[in-house]
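Visitor: I have a model open and want to learn how to read it. Please take me through a few features.

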Amino acid sequence: MIAVLDYGIGNLRSAEKALQHVGADARLVADPDEAAAADGLVLPGVGGFGPCMDALVASGLAEVARQGIASGRPFLGICVGLQMLFDGSEEDPGVAGLGVLPGINGRLSDSVKRPQMQWNVLHPTSVGAELMAGLPDPAWVYFVHSYAPPPGGHVAATCEYGGEVVAAIARDNVWGTQFHPEKSGVAGLALLDNFVRRCKAS
């Protein structure tokens, strides 16, 4: 079972339905004990970093996310759900993230319109081999964001938007996309299928 963490914010239902479309037993889960028993965890997020983080902590699911990652279970963060994996964000400097990955999410360049609300093409790295397996080439995916994760050894794909922007990350059992795979057609479904395969194999 894949638990889509239901902390009251985010594109929860569409993420659940997209996972079900690729054959997963995916469920919205608000109960921390039920989420802790899942084979894989998905953390969606839309809106502001601070409100999302506050809601995640208040729901009791922040600690479930940390423990799930520490246990080695597959974990997928989507949009703000990816950003919450880091130490914090320039969007809300006083709010701590989950601290699973190092660094601070930064604002997109002043040279481009914010948010980036469009389809854009991915540039995968060798880090993203499993995450990006089977995606079309080029892979077009849908973004809605004004902030993005910091660069580092975890970068699985980038896109160009006022410079190089981190579009996906992969480190051990933790995957994340700044774009919305559930809104990204064939490419997004292929990526979600890769995540489901990882969950089944774990």
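Guide: We will look at a helix, its packing, the cysteines and a loop lysine.
Guide: This is a predicted model, where local features need pLDDT of at least 70, side-chain atom pairs count only at pLDDT 80 or more, and totals for chains, interfaces and linings use all residues. Residues are numbered from 1 along each chain as its sequence is written, and side-chain values use heavy atoms, with hydrogens and water left out.

Visitor: Which residues of helix α1 are buried?
Guide: Buried means under 20% relative accessible area, exposed over 50%, partly exposed in between (1.4 Å probe, protein chains only). Helices (H or I, at least four residues) and strands (E, at least two) are DSSP runs, numbered from the N terminus. In α1, residues 12–21, the buried ones are Leu12, Ala15, Glu16, Ala18 and Leu19. Down the helix axis they fall within an arc of 165°, so they line one face of α1. The arc is that of the directions from the helix axis to the C-beta atoms. Lys17 and His21 are exposed on the other side of α1.

Visitor: What covers the buried residues of α1?
Guide: Look for contact, meaning heavy atoms within 4.5 Å. The cover includes strands β1 (2–5), β2 (26–29) and β3 (40–43), along with helix α6 (185–201).

Visitor: How do α1 and α6 cross?
Guide: Axes are lines fitted to C-alpha atoms, for helices over the stretch in contact, and angles run from 0 to 180 degrees between N-to-C directions. Here the two axes come within 9 Å and cross at roughly 75°. That makes α1 roughly perpendicular to α6 (under 35 degrees is roughly parallel, over 145 roughly antiparallel, 65 to 115 roughly perpendicular, the rest oblique). Ala18, Leu19 and His21 of α1 meet Leu189, Leu192, Phe195 and Val196 of α6.

Visitor: How many disulfides does a search of the whole structure find?
Guide: A disulfide is a pair of cysteine sulfur atoms within 2.5 Å. The search finds zero.

Visitor: Where is lysine 183?
Guide: Lysine 183 sits in the loop between β13 (174–177) and α6. It is partly exposed, with 37% relative accessible area. Lysine 183 and serine 14 are 169 residues apart in sequence, but 8.3 Å apart in space, C-alpha to C-alpha.
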